[in-house]
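Please open the model in your viewer and keep the selection tool at hand. The tour below goes from stop to stop, saying what to select and what is to be found there.

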Amino acid sequence: MCSQALVIRHLSKTYANGFQALQGIDLTVEEGDFFALLGPNGAGKSTTLGIVSSLINKTEGQIEVCGIDIDKDFATAKRQLGVVPQEFNFNQFEKVLDIVVTQGGFYGMPLAQARSRAEHYLKALGLWDKRHQASRMLSGGMKRRLMIARALVHQPKLLILDEPTAGVDIELRRSMWDFMREINAQGTTIILTTHYLEEAESLCRNIAIIDQGKIIKNSSMKSLLQELNTETFIFDTRTPLTAAVNQQTEGYQVRVLDDSSLEVDLRKGCYLNQVFHFFESQGIQVSSMRNKSNRLEELFVELVQAKNTHLETSSV
Amino acid sequence: MQFSQYRIALQTILIKEIRRFLRIWGQTLLPPAITMGLYFVIFGNLIGTRIGSMEGFTYMQFIVPGLIMMSVITNSYSNVTSSFFSTKFQRSIEEMLVSPIPNWVILVGFVLGGVARGLCVGFIVTLLSLFFTDLSLNNLFVTLLVIFMTAVLFALGGFINAMFAKKFDDIAIVPTFILTPLTYLGGVFYSIKLLPEFWQGVSLINPILYMVNTFRYGILGVSDINVVTALIVVFLFIIALFSWALWLLNRGYGIRS
């Protein structure tokens, strides 16, 4: 067992063309965590994960996987790691089962064990029926699941998922979330990058936001969401709204969307009770309510925009 | 990783490689058999009967070892170039790079895959040649040793070619402009004793000449080159290319940014 699944210290990467993708980042992921690494395109997420999984050479810095320094014993460190990359990276002409079994062989697993593990994960991910099909015949979502099965065949302690649900339909995405939750509950630490912030909010306990090669936020999901200043809710009313009910107070602002729904911005520190009290006073009966947009999405945009504005101002 | 895990990893790469060339046998095993069959018919039967004997053998008997060696050279080379380059191109090389396999195991695995195809094609061409002529065997040990070493050497060459290749055109340049001329001028169809003295000297810088002649010695017992010298030359080339290929792999040339 290791207390920290991943420790990154002062990691930097400058590509041959001079582009500095990472500017000395520090990051720690505790064992058993479900960790989100978020950032806009080109922020440095994939570079970071590429270095951890040895697909990209680092310029400087230190990385420990489950307490093993990759510069000292990369082979042992790699055994702890499973990687699901953003792009499909398997032989499109090989059969589904062969791809997973072969990966077991790369980790030195005897054939019988590799076959049995492949069967387990292909069944768990709903691909067992497709095991004799050439991988190029699979749909996009199946290809992603195939990469997850392949990454799990050696039962890694740390699983890196780089946008695992990109292009996957909602139903399948949710079943993949359940699967990820399950393997996390079984003790596998997961690092997830995604552009679906709802996904990160739903799955992850801790989060780091990276932008322009620097970590701009690193905290628990809960405390990050508490930083949100305003939350927006949509209320569906039971009966048609008859009168204008626009209302603005210090705590909240109510806007009419149409004749049966209202939008309310609720400031941090205020309570929904005040809003319900107002509705009651107006004789409005609420049949349902929901968040207008993803809370994490709002924060993410706020943080990244704030940083870019700061950079623009300081460069003037 | 322990030794047994290295063995499994190596075996996995080798099986994967063999499965690949068997799956596409119509592109890998059939064409050399047809090409060599045509060589036997045209050069051996039709033209060869007019040429007469060479080094005390019929022309057909003389060219068979060279043609077997030619098919081994081209197939062991092209197997590794196409397989490793497509692995790079499809990014499935990452499957190996993220795993704990040492680079030397990856290299040996691909090279043995190339050797397997080279020897497989060599065996098919040998069987085919038996329809056209009788083959004796002068020295089994030399025959097997030189054909294996040659396959290893050209598989290593193919690996290096694939590491440098950035597009599909790049894996065709060396076979077309270097390998084919060297093979044709490497004593496959003639004894260098037929050449003027100057061109005999020039021929000696062609490494393929050493392999073809050593193989011919193994089968027919005649060679333009000293067999021990030839084996040492091939061995030194193998050491040099293996070191170069491993160095490129350790640097991650063309596969890691």
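In which hand does H6(B) pass H7(B)? The crossing of H6(B) with H7(B) is right-handed, a term used when the near helix is turned clockwise from the far one by less than a right angle, anticlockwise being left-handed. Before going further, note that this is a predicted model, in which local features need pLDDT of at least 70 and side-chain atom pairs count only at pLDDT 80 or more, while totals for chains, interfaces and linings use all residues. Residues are numbered from 1 along each chain as its sequence is written, and chains are lettered from A and ligands numbered from 1 in the order in which they are written.

**First stop: two helices of chain B**

Select residues 103-129 of chain B, which are helix H6, together with residues 140-164 of chain B, which are helix H7; helices here are DSSP runs (H or I) of at least four residues and strands are runs (E) of at least two, numbered from the N terminus. The two helices pack at an angle of about 125°, with their axes 8 Å apart, where axes are lines fitted to C-alpha atoms, for helices over the stretch in contact, and angles run from 0 to 180 degrees between N-to-C directions. H6(B) and H7(B) are therefore oblique to each other, since angles under 35 degrees count as roughly parallel, over 145 as roughly antiparallel, 65 to 115 as roughly perpendicular and the rest as oblique.

To see where they meet, show the side chains of H6(B), including Gly114(B), Gly118(B) and Gly122(B), and those of H7(B), including Ala151(B), Ala155(B) and Gly158(B); two residues are in contact if their C-beta atoms, placed from the backbone, lie within 7 Å. Sorted by class, the residues of this contact are 12 nonpolar, four polar and no charged, with Ala, Val, Leu, Ile, Met, Phe, Trp, Tyr, Cys and Pro counted as nonpolar, Asp, Glu, Lys and Arg as charged, and the others, Gly among them, as polar.

**Second stop: another helix pair in chain B**

Now select helix H4 (residues 59-89) and helix H8 (residues 170-184) of chain B, which pack at an angle of about 170° with their axes 11 Å apart. That angle makes H4(B) roughly antiparallel to H8(B). Among the residues of H4(B) in this contact are Tyr77(B) and Phe85(B), and H8(B) brings Ile171(B), Pro175(B), Leu179(B) and Thr183(B). The contact of H4(B) with H8(B) has seven nonpolar, five polar and no charged residues.

In an unreviewed entry, UniProt lists residues 23-252 of chain B for "domain: ABC transmembrane type-2"; positions are given in the numbering used here, feature names are shortened, and annotations may be inferred rather than shown by experiment. In the model, residues 23-252 of chain B are 77% helix and 2% strand, and their end C-alpha atoms lie 29 Å apart. The unreviewed entry also lists several spans of chain B as "transmembrane region", including residues 101-128 and 227-249. Residues 101-128 of chain B are 93% helix and 0% strand, with end C-alpha atoms 39 Å apart, whereas residues 227-249 of chain B are 100% helix and 0% strand, with end C-alpha atoms 33 Å apart.

**Fourth stop: where the chains touch**

Show both chains, and the contact between them takes 20 residues from chain B and 25 residues from chain A. On the side of chain B that touches chain A, helix H1 (3-23) and helix H5 (93-97) are the elements that give two or more residues, and H1(B) gives the most, with five. By class, this side of chain B has eight nonpolar, seven polar and five charged residues.

Turn to chain A, where four strands form an open antiparallel sheet in the order E2-E1-E4-E5; strands pair if DSSP finds at least two bridges between them. Strand E1 (residues 4-14) is joined to E2(A) by eight bridges, and Lys13(A) has Leu22(A) in E2(A) as its bridge partner. Helix H1 (residues 45-52) of chain A packs on this sheet, touching E1, E2 and strand E4 (60-65), and its direction makes about 115° with that of E1(A).

Finally, select the five strands of chain A that form an open antiparallel sheet in the order E12-E13-E14-E11-E15, whose edge strands are E12 and strand E15 (286-291). A hairpin joins E13(A) to E14(A) through two residues, and Val256(A) has Leu262(A) in E14(A) as its bridge partner.
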